[in-house]
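Open the model in your viewer and keep the selection panel at hand. The tour goes stop by stop.

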Amino acid sequence: MLKIQDISKDFGSLKALNDVSFDVADGQILGLIGQNGAGKSTTFHSILNFLNYQGTITWNNQPITETAFDEIGYLPEERSLMPKLTIEQQIIYLARLKNKSAKEIKPQIDDWLQRFAVKGNKKDKIKDLSKGNQQKVQLICTLIHHPKLIILDEPFSGLDPVNADLLKQAIITAKEQGAAIIFSSHDMENVEEICDKLVMLRNGQVILNGTVREVRQSFGKTRILVTTDWDKEQLLNLPHVIQVDCHEEKRFVLTLDDETAGPAIFDELTQGKYIEEFSQQPPTLDEIFRLKAGERHE
Amino acid sequence: MNKLWIVTMETFLRQVKSWSFVMLILGPFIMFGITIGAGYIGASSGAGSDQIAVISQQLALRKSFIKSDKDDVDKSVTDKKIAVKKMDKNKLAGYLELKITEGKVSGHYYGTSSLSSGMKSRINNYLMQTQQQINVTSAQLTTSQMQALQQQPTLKESIKKKTGTANLAKIISFWITVIMVYMILNTYTSITAQEIASEKGTKIMEIIFSSTTAVKYFLGKIFGVLLVILAQVLVYLVGGWGAYIFAQNSSLTKGFLTQYHALIASVLKNLLSVNLIYLLLGVIIYTILAAFSGALVAKAEDAAKAAQPVIMLNLAAFFITFPFQNNLDSILVKILSYVPFFSSYFMPLRIINNDASGLEIGLSLVILFVSIVGLAAYIGKIYQGLMLQTDDSSFWKRFRRGLSYNK
């Protein structure tokens, strides 16, 4: 288990992290969300001992030292490999730095390249690969030594939907094998789809922490999905409706300032008649993200 | 396998497999080969026209001349006609006709140009010695009379130590030392700074530092570069030794080596001494500084710029030696022989000048060694913070942020 307790980090006058605490159990996926500059990468850097910080970070109840590095797979936000090496040389070099022998890794390379549908030969130089394929090779480097703690900084950025699915599958497989996984993302759909827990940072502070369901429920069922002949203006005049978004023709999302107004709105819209769709739900992660990020400027 | 060793070997193998390293190693040997080859071709093409033929009815006379000067004689020519033909084809400088008539030895040279003074002197010597032998025989002298006649005058040379070979050896050693130190430091500071800067530019450092500590990685890089230097020095020592053996046996260079044997031995003694330790430690301290310099740039494109500060420092140390080549007793030389980054130039010069005691050499080495350890420890500590600053912000902002990683 990865346990982070009250960590803080200042860069001069900038408070990058302020009493951040959360944990990730084995076989659990945690999504770390927040706007740019919220402190996600600094949190990762603290876990990896890249910088000095105040507070405590432990992995399986031990401070993270070089020995623990062998159990960690890390994908940084900046995509980077050594361009003059071949795919095989690159994977083997980084795996050897994780205390795996070339003998152990070499037979696995073809299988991993196939799993991630990397176009090219393992003898191809990194610099000759497309950006997408370089990214996939980097993911292989992160995962090939079967890490117990996987840290992925914006792993989905730059991936097309097909490759994003391949990555999701790889993350889920690692989770099933018992790895603790923490990743940052701006894509809330991915977070909602595969994360067990999420933590949201704002200005270096934790503002949301819990399972995806808990976080969503904590905002109340303030979201109504409805299919109706009413127009936007009519809907906005309903009691406690503060926002109306039209996603498809006749299909609206109403945002309420009071979840208890739901039954009254239902009565008003149906008036005892049949209605095609009416669903009162908690807000989506995307909506929560926008809401919480917006508070920053208030 | 130890991660330090993995980084060391990766750095070493990547460098030695590169074309630039191969060219760096082969360059001096190619130059040596071209020089020897050109000399050989020149000597071969001109050899025939420099030689003379010796013609004589008295075979013993001809034989004894050839024995005394075989390098200048074309032995294949035995009569005048062939000699004239070869002269016409410019394959012979001329021919010398030798004869003894009524106890008198005479020589007559026929040629396309005058004999060189050296050749003329050798022929005269031969003729005089032969005439003297004939005179002694015909005079029927007793043994004691013969011994009295064979008395030769002697000429002795007494050379003061500060002049002649010893002084020349110091000047040659001075220049070889400063140029060698400058070239090696320049080459490897550039290689190190560019290696670190371009690696930083690839932004792979976060992955590396999630696998091993920055200090281990930093030291691995330094050791890798040092292995490359050792490989180069080893190749040069073996190659130099081979070239020396070759030169000793080659007719082109044999004479030169024999003539300057004492000078060469003296220069080699100056170079293959504690000065090599200064060279090695100098490379280490400059390499550490170059690694630091490389860690300060943000982009791979700036890799070439990264080496500039260290190259300038090396250049300054190199040029400061110039005014002191004939004034190695200066107080400034003494001071700089203890200052890290300069001592690798100045202490070897004092050692060549026999101007440094064992205690002074030891003290200078200790200062250099402690500086290396201190510098490596400090840079190793801040290295991670510096290497992780890859954004496009200003130099000072990146530098301050890099330092704050460890606060």
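Start with chain A as a whole: the centres of domain 1 and domain 2 of chain A, taken over C-alpha atoms, are separated by 40 Å. To colour them, select 2-217 for domain 1 and 220-281 for domain 2; the bounds come from an automatic or database domain assignment.

This is a predicted model, where local features need pLDDT of at least 70, side-chain atom pairs count only at pLDDT 80 or more, and totals for chains, interfaces and linings use all residues. Residues are numbered from 1 along each chain as its sequence is written, with chains lettered from A and ligands numbered from 1 in the order in which they are written.

Next, the sheet. Select E2, E1, E4 and E5 of chain A: in that order they form an open sheet of 4 strands with antiparallel pairing. Strands (E, at least two residues) and helices (H or I, at least four) are DSSP runs, numbered from the N terminus. A pair needs at least two DSSP bridges.

Which strands stand at the edges? Strand E2 (14-24) and strand E5 (62-63) of chain A do; each has a single partner strand, so one side of each lacks a neighbour in the sheet.

Zoom in on strand E1 (residues 2-11) of chain A, which pairs with E2(A) over 7 bridges in the antiparallel sense. Show Ile4(A): opposite stands Phe22(A) in E2(A).

The contact (C-beta atoms, placed from the backbone, within 7 Å) takes 21 residues from chain A and 24 residues from chain B. H3(A) gives the most to the chain A side, with 3 residues.

Key
Two residues are in contact if their C-beta atoms, placed from the backbone, lie within 7 Å.
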